[in-house]
Amino acid sequence: MRVRAAVVSELNGPWRTEEIEIDEPHAGEVTVKMAFAGLCHSDEHLRTGDISQDPAILELLSGRDTMFPIIGGHEGSGIVEAVGEGVTTFAPGDHVAVSFVPSCGRCEFCASGRQYLCDLGATTLAGPMIADGTWRHHLGDVDLNRMAQLGTFSESIVVHESSLVRIDPWYDLRAAALISCGLSTGFGSAVTRGGVQPGDTVAVIGCGGVGSGAIQGARHAGARAVIAIDVNSSKVERALKLGATHGCATTLDAAFTILPELTRGKNCDVTIITVGVLTGEIVEQARAITAKGGVIVATSIAPYHQSTVELNLFGLSMFNQELRGTVFGSVSPRVQIPRLLRLYSEGALIVDELITHEYTIDEVQRGYDDLASGENLRGVVRF
Ligand SMILES: [Zn+2]
Ligand SMILES: [Zn+2]
């Protein structure tokens, strides 16, 4: 099948819409006709090399030492077009959301209820299909990698069934696309990984798509106050509409103008880092506004080789603080995506207001330009 897809062909190269060839699904695979794909910051990390693995590891995974060319996109929703042999959990016509973390249901992590840590996740950055190690997507005679084994910037995709979550057909597919990654990750970062309790004071550093989920999660968990921190004032303004009670540009502002009065010097019970790119300095900034006994959740993606971090170790131990990483907000995609869709459909989760622009598959680069300029909180591709 010939479809149009947004591909990056080289490090820092542009998103270019190409006509590509997709094969029929093999055993265990599903073809999905895409309805919506979210433009998440993580795809920019892919383009700029932040999440490029070592050439030696890539060679091992995919038989070549580069991630490129690769189809972008790891958020999305669509309708099942065809299923390969042995697929019993999906049928043509089913509505699905994609998940950037595959979940096999059988490995130790899946079996213990931690599908967000599924062993199949090892294959997500690059490489051929999970099912049988062959390639299904081709640009001319070059095999294509797909972001997170998905590549949702494509009119149709072929994916392993473990990368899909079935959703009830009455749910809005555009909302499902946003919930499939950013909102779920942010929501879980506050509620599950952060463990926000009723009456807590919470800070969310970075108020894009993921931060919007964290702010709403914190309010759902009963936070008395949520401080939205972002240098982009329009993001702070939107955050206040999502349930944040206070807003400011930097952690320093929060430390000097908001927290002394709000918490009488106690600081935040939970601080969640959801900035576009996680760097070493941000961790200490987050710790510095966190209370004794408090939790710092590092949700953002850092460059693959980032290994230094600024952290006041005296404070960390003497204030009995905890620094926690998280993937997908530490909740199984098959639990979180349907749960948040239900909240959305009942009016208890704000999604539509986050979508500032819709783009066509030809406008992916424009979408990321708008994200970089701060004009766009969250864009989606409508197919
Ligand atoms: Zn994402
Ligand atoms: Zn698994």
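Is Gln 149 buried or exposed? Select Gln 149 and you will find a buried residue, with a relative accessible area of 2% (buried means under 20%, exposed over 50% and partly exposed in between, with a 1.4 Å probe and protein chains only).

Before moving on, some ground rules. This is a predicted model, in which local features need pLDDT of at least 70 and side-chain atom pairs count only at pLDDT 80 or more, while totals for chains, interfaces and linings use all residues. Residues are numbered from 1 along each chain as its sequence is written, chains are lettered from A and ligands numbered from 1 in the order in which they are written, and side-chain values use heavy atoms, with hydrogens and water left out.

**Stop 1: backbone at Gln 149**

Stay on Gln 149, in the loop between β9 and β10 (156–160). Helices (H or I, at least four residues) and strands (E, at least two) are DSSP runs, numbered from the N terminus. The phi of Gln 149 is near 60°, a positive value in a residue other than glycine. Most residues other than glycine have a negative phi, and most peptide bonds are trans.

**Stop 2**

Next, pick Asn 267, in the loop between α7 (251–263) and β15 (268–273). Asn 267 also has a positive phi, about 75°, and is buried at 18% relative accessibility. Then go to Pro 69, in the loop between α2 (55–62) and β4 (70–71): the peptide bond from Phe 68 to Pro 69 is cis, with omega near -5°.

**Stop 3: the zinc site**

Now select ligand 2, a zinc ion coordinated by the SG atoms of Cys 104, Cys 107, Cys 110 and Cys 118 at 2.3 to 2.4 Å. Donors are N, O and S atoms within 2.8 Å of the metal (3.2 Å for Na, K and Ca); water is not among the atoms, so sites may look incomplete. The site is tetrahedral, with angles of 103 to 116° among its 4 donor atoms (four donors count as tetrahedral if all angles lie between 85 and 135 degrees). The donor spacing in sequence is C-x2-C-x2-C-x7-C. Cys 107 lies in the loop between β6 (95–98) and α3 (108–111) and Cys 118 in the loop between α3 and β7 (137–139), so the pair ties together parts 11 residues apart in sequence.

**Stop 4: the sheet**

Finally, show the open sheet of 6 strands, ordered β8-β7-β2-β1-β4-β9 with mixed pairing (two strands pair if DSSP finds at least two bridges between them). β8 (142–143) and β9 (145–146) stand at the edges, each with a single partner strand, so one side of each has no neighbour in the sheet. Zoom in on Glu 21, opposite His 138 in β7.

Methods. Four donors count as tetrahedral if all angles lie between 85 and 135 degrees; four count as square planar and six as octahedral if opposite donors are over 155 degrees apart and all others between 65 and 115; anything else is irregular.
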